[in-house]
Every structure is written in structure tokens, then in C-alpha cells.
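Colleague: I have some questions about the labels in this model. Please give me the value and the rule each time.

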Amino acid sequence: MGVFALLVLWFSAFAAEVHLLDVRGSIDPGTADYVETGLRAAEERGAAAVILRLDTPGGLVESARAIVRAELGAEVPVVVYVAPTGARAASAGLFVTLAANVAAMAPGTTIGAATPVPLGGGEPAEGEGGGAIDAKVLEDTAAWVRAVATQRGRNGEWAERAVRESVAATDDEALALDVIDLVAADLDALLEALDGRTVTVGGREVALVTAGAEVVEVPMTTRQQVVHTLSDPNLLFLLVTIGMLCLYIELLNPGIVVPGAVGVVLLLAAAVGLSILPFNAAGLALIVGGAILLGLEAFVTSSGLLAVTGVAALALGGLLLFERVPGFDLSVDPRVIVGIAVMAGFAAIGLAYQVTRSQRRRVLTGAEALLGAQGIVIVGGHGAGRVLLEGEDWAAHWDGALSENQPVRVVGLRGLLVEVAPVDGGQR
């Protein structure tokens, strides 16, 4: 009987599947849907466990809550593995890690610093007004992280400090503080360390069978990847500003088509992203207004005032693009704002310079191009006749009398009649 049980165990381990989900970048609706659907698929396939390989700077609190709910309610063991070396589980990543049945980290990784901040950046305020709202958010987040950590038997006191004081820990420190369960150098070492460990799943004790298990990597679907990509505040700012500038180029040069088409596509993509993240209408209006001011610089002589104002509006719009709602470290990178604002400013000034130069150039086409042109009289006479200008025969008017083959210069236009005068004050 003992031999039979060993054979069953051996065949179970051989046939076991461990699903691997790579959670990288911000925690957003795309990431939450990826984890939720991944856990459901693992349950349906009877996987031995699901490993979330995590590397995140944080993300949206609602998306983090959705992932935590999915972890706590999963019918399959969930392992969060902060990896590879150099990865972090910051802000929202702390909650995702604490909610796992088993929390593990690779050497050289960090966890913590989970103080909630507004989507527009900055520190939680203190005092009255907005500070009262931030205090409520802080208290709610602290209570939540303490509850999650306690439910999984981890250090709730340190987790609460990570929220209130933004403390962080290395892998060794987190293990000593009872924030995580183990440190594993790589995925194979993690599977070996997990094998035989008992966890509670759905109210029952489950022994993990992971040694030698087949690792099935589960990628994001196209839709999840698009949502995840469009949830990047930096990308949304670029899509809005570049899209507006492309439309502006199309308006300046009707019929080119390509800039207009590109601009429409970029703005539609930005609209999808802005429907995911809660944006500030005032910030968006500033970006649009800034683009318009930069465009007007090419038509209005303002000595650069419109360009400077447009650049300032773009920069301020980027800073205010997202509403002050509870979130984790999601804002447009100031370096991206400065880069786009400077680029747009130089582009507007350069375009205005080119327009000014073109306005000062001599007209090369149409009747106006004849002003100053020289020719010869082909039919002379007193007061009127015909002249040859640039290979064309023109009816002409002049003062006094001019003879045939006399050089003349165009000094005016009167409909299809040119007014000429003798060159170099020659005799008429």
C-alpha cells in the first residue's frame, strides 16, 4: 500500500501543471483582468498552483483590490514571486503579495512603500479640506492591508507601516519580518521549495505538489495587453499631444492625409486610455488649448508669446491630466512633460519662422510675379503697345513714347494690362 501511494504521488507530480502569469508594469484594469481570468482558467484545468511573477511600481487601488479579491477567493493555490533580481513589489504590489497563499521573493528584490497618493502625484496632505479626504484614504488603506496580512498570517504591523510611513524591505529583511514565506533564487528553486508545503485554499488544507511540475506560461490576451498598455499615463499624454499636433499639421496642409489619419488614430487610442483612467477635464482642456496656441504662433505675430503660453499650458495640462482620486504612484513623468513641451515649442517657433520667410519671398507665380520683370517693346508707340515679358506677349501701357526693341521694366499691373517704364531711364 505504501508503494502504491508513492507511485500515485509520483505520477501526480509528473502530471501536475503550474500556471505562470507575468505581472509586470503598473497594476491597472488590464492587469486585473489578466490575473482574474488566469486564476479561473487554472481552476478549470485543475492546476497544482498559480505563480504570479511580479515586478511593479504600483498602480490603481481599485485594480489592486480586484486582484486581491481574486487571490483570496481562488480555488487554486496562489503564489506571488517577486522576481527577477532587481524587481520590486511597491505600492499596490505589496497588497498583491500579501494576499497570496505563499509569498516569495528573489534575491535583490524589494517590497513595500505603499502610501496612497493622488493620481496627479504629490504627498497626502494634512489638515482640513483635501487633507481630510487624504486622511480617510490613508486610514482605509491601512486597515485594508492589515486585514489582508492578518488573514494570510503575515506581519500586519509592518504592512501597516509600509502604508503609513512608506517603509520598504529587501528580500532578506522581508523574510525576517515575516512579510514573506521564502526566498528563491529562480523559478526551479521556487518549485522545489513549494513542494510539500501546506496552504489553505477555500477553507481546506492543500499540500502543494510542485517538484517536477510542468510550468505553463499564460500570456496576456491582445485585449488585456492593449488595456494594460493604454493605462500608462505617460503614453496617454504623448498620444493626446502628438495626436493634436498631427491634426494641426493636416489643417495647415490640407490634403496630405497621413498626418490627419495618424492624428485621428492617436486621439482615438487616447480616448480609450482616458476611459480607463479617471482623467481631469481641466488638464485635458489645457493640453488642447496649448496645442491651439502653438498652432496660432504660425499665423499671429506675437514675438513668441503664444508659443511660450502654449508650452506652459501643455506642461500644466500634463501635471493635471489625472483627477485627485485614491491611487498609487500614477502620474505623468515630469521628464516626459518637459520633453514634449520643449519639442512642441521648438516646432511651433520653427514653423512660424518658415511661414515668415515664405511671406517675405518674392512671388514666383501668377500675375504678381511680373512686378519688376524686364522685357522689350515689340509694338511701340505713344502711351500704349505690346511688350515681350518672359517669352509672353502682353498688352502694355506707358508714359510718353517707346520704340520697338526698347528695354522696359514692369512697374504695375492693371488687370491684364501691364504698366512699364524704360530701363535705366532710357529714352522714351
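Colleague: What makes strand β16 and strand β18 a pair?

Modeller: This is a predicted model, to begin with. Strand β16 (residues 392-402) and strand β18 (residues 417-422) share two bridges, in the parallel sense. Pairing takes at least two bridges, so the two strands count as a pair. One of the bridges joins A396 to V418 in β18.

Colleague: How do you know that β17 also pairs with β18?

Modeller: Strand β17 (residues 407-414) is joined to β18 by six bridges, and the two run antiparallel. The rule asks for at least two, so β17 and β18 are paired. G412 faces E419 of β18. The hairpin of β17 and β18 has two residues between the strands, and G415 there takes a positive phi near 70 degrees.

Colleague: What is the strand order in the open sheet?

Modeller: The order is β9-β5-β3-β2-β1-β12, six strands with parallel pairing.

Colleague: What joins β1 to β12?

Modeller: Five bridges join strand β1 (residues 17-24) to β12, and the strands run parallel. At least two are required, so this is a pair too. E17 has E214 of β12 as its bridge partner.

Colleague: How many aromatic pairs are there?

Modeller: The count is one aromatic pair.

Colleague: Why is the pair of F95 and W144 called stacked?

Modeller: Their ring centres lie 4.4 Å apart, and the cut-off for a pair is within 6.5 Å. Their planes are at 15 degrees, and stacked means under 30 degrees, so the label holds. The pair links distant parts of the chain: F95 is in helix α4 (residues 92-98) and W144 is in helix α5 (residues 130-151), 49 residues apart.

Colleague: Are F95 and W144 buried or exposed?

Modeller: F95 and W144 are both buried.

Colleague: What sits over the ring of W144?

Modeller: The charged end of R65 sits there, 4.2 Å from the ring centre. The distance limit is within 6 Å, so the R65 value meets it.

Colleague: Why is E157 called exposed?

Modeller: E157 has a relative accessible area of 62%. Exposed means over 50%, so E157 qualifies. E157 lies in helix α6 (residues 156-164).

Colleague: How far apart are E157 and V145?

Modeller: E157 and V145 are 12 residues apart in sequence and 9.4 Å apart in space, C-alpha to C-alpha.

Methods: Residues numbered from 1 in each chain as written. Predicted model: local features only at pLDDT ≥ 70, side-chain atom pairs only at ≥ 80, totals over all residues. Heavy atoms only, no water. Helix = DSSP H or I, 4+ residues; strand = E, 2+ residues; numbered from the N terminus. Phe/Tyr/Trp six-rings, centres within 6.5 Å; stacked < 30°, edge-to-face > 60°. Buried < 20%, exposed > 50% of the residue type's maximum accessible area, 1.4 Å probe, protein only. Lys NZ or Arg CZ within 6 Å of the ring centre and 35° of its normal.
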